[in-house]
Amino acid sequence: MHRRNCLLTLGALLAARTASAQDATANTFAPAQQLLRGRTVQAAGLELDVPALSENGGAVPLGVAFRGTLPAGETIVAIHLLATRNPNPGLLSFDLPGDRVLPDFATRVRLAESQTVIAVALGSKNSAWVAQRKVQVTVSGCLGGGEAAQSEGLRAPRIALARPTKAGGPIEVKALVQHPMETGLRPGADGKLLAQNLVRDFTLRLGERPVLTARFQTGTSENPYLRFLLQPAPATGPAVFTWTDQAGRTLREERPLPV
């Protein structure tokens, strides 16, 4: 993709709106259907919050949360975020072992053009939930940062843990790491594609126990950001935050939980 092809003119935006009306949905989009295969799709419960219009497709705010009623004995074990018209459909995925991290997240994603964003939540037994929203994009998310930054690695982590607003309530966690998240799809000045350079995943452990893994993909914005809710419990040890890039390099930070 060349830069001139990434900027949507007003005329192209109008055309994209027409195309978006005919865009794939969870019922017809193959990556979503693969996740849902063999599962019972529940009617409601998963909420997806994205703006109807985004001026910057490179950093579209997104929130996803499960607010429904779970079948008896079932928990949410994974949430997957997909984009129907990105070069690669994956935006971000969350794995939730146990029940310490609530299925309620905020992040930022890249959208190459106007399209439908789909969220799929998977239950521990056989249930699934789906939410989808159409987003109009004015400037494509394929532009990315300058070439000077594309080879930079993990650096400058920022972590904030807010005290619970009430006794026994969840702790709001915000975590960000600086990284270009170069997709490998963007041409440099010489016309050749810049080398892919991604953060592969983020994990949170409480002591030795893993409670969250976020798996980043080419649809994750640069400087990956997450906001989520952590249910406190006594004697769990410190919170250990680890980011790993695609070359296996890691950045580790440790924080005590607020009481």
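**Close-ups of a predicted model**

**View 1. Ser114 and its polar partners.** The side chain of Ser114 reaches the side chain of Gln136 in a polar contact of 3.3 Å. This is a predicted model, so keep that in mind as you look around. A polar atom of the Ser114 side chain also sits 2.9 Å from the backbone nitrogen of Val137. As for its place in the chain, Ser114 belongs to the loop that runs between strand S7 (101–109) and strand S8 (115–123). Is Ser114 buried or exposed? Ser114 is buried, because its relative accessible area is 0%, and the cut-off for buried is under 20%.

**View 2. An open sheet of six strands.** Follow the order S2-S4-S7-S14-S11-S10 and you have walked across the whole sheet, with antiparallel pairing. Which strands stand at the edges? They are strand S2 (46–49) and strand S10 (155–161); each has a single partner strand, so one side of each has no neighbour in the sheet. On average, neighbouring strands here are turned by 15° against each other, direction ignored. Strands of a sheet pair through backbone hydrogen bonds.

**View 3. Where S10 meets S11.** Zoom in on S10 and strand S11 (residues 171–178), and you'll find an antiparallel pairing over five bridges. Take Arg155: its bridge partner in S11 is Gln178.

**View 4. Residues 1–21, with a word on confidence.** Across the chain, pLDDT averages 88, and 87% of the residues score at least 70. Over residues 1–21, though, pLDDT stays under 50. The model has 27 contacts beyond four places in sequence for residues 1–21.

Note on methods: Residues numbered from 1 in each chain as written. Predicted model: local features only at pLDDT ≥ 70, side-chain atom pairs only at ≥ 80, totals over all residues. Heavy atoms only, no water. Helix = DSSP H or I, 4+ residues; strand = E, 2+ residues; numbered from the N terminus. Buried < 20%, exposed > 50% of the residue type's maximum accessible area, 1.4 Å probe, protein only. Polar contact = N/O pair within 3.5 Å; in protein donor to acceptor, adjacent residues only side chain to side chain. Pairing = 2+ DSSP bridges. Axes fitted to C-alpha atoms, helices over the stretch in contact; angles between N-to-C directions. pLDDT = per-residue confidence, 0-100. Contact = heavy atoms within 4.5 Å.
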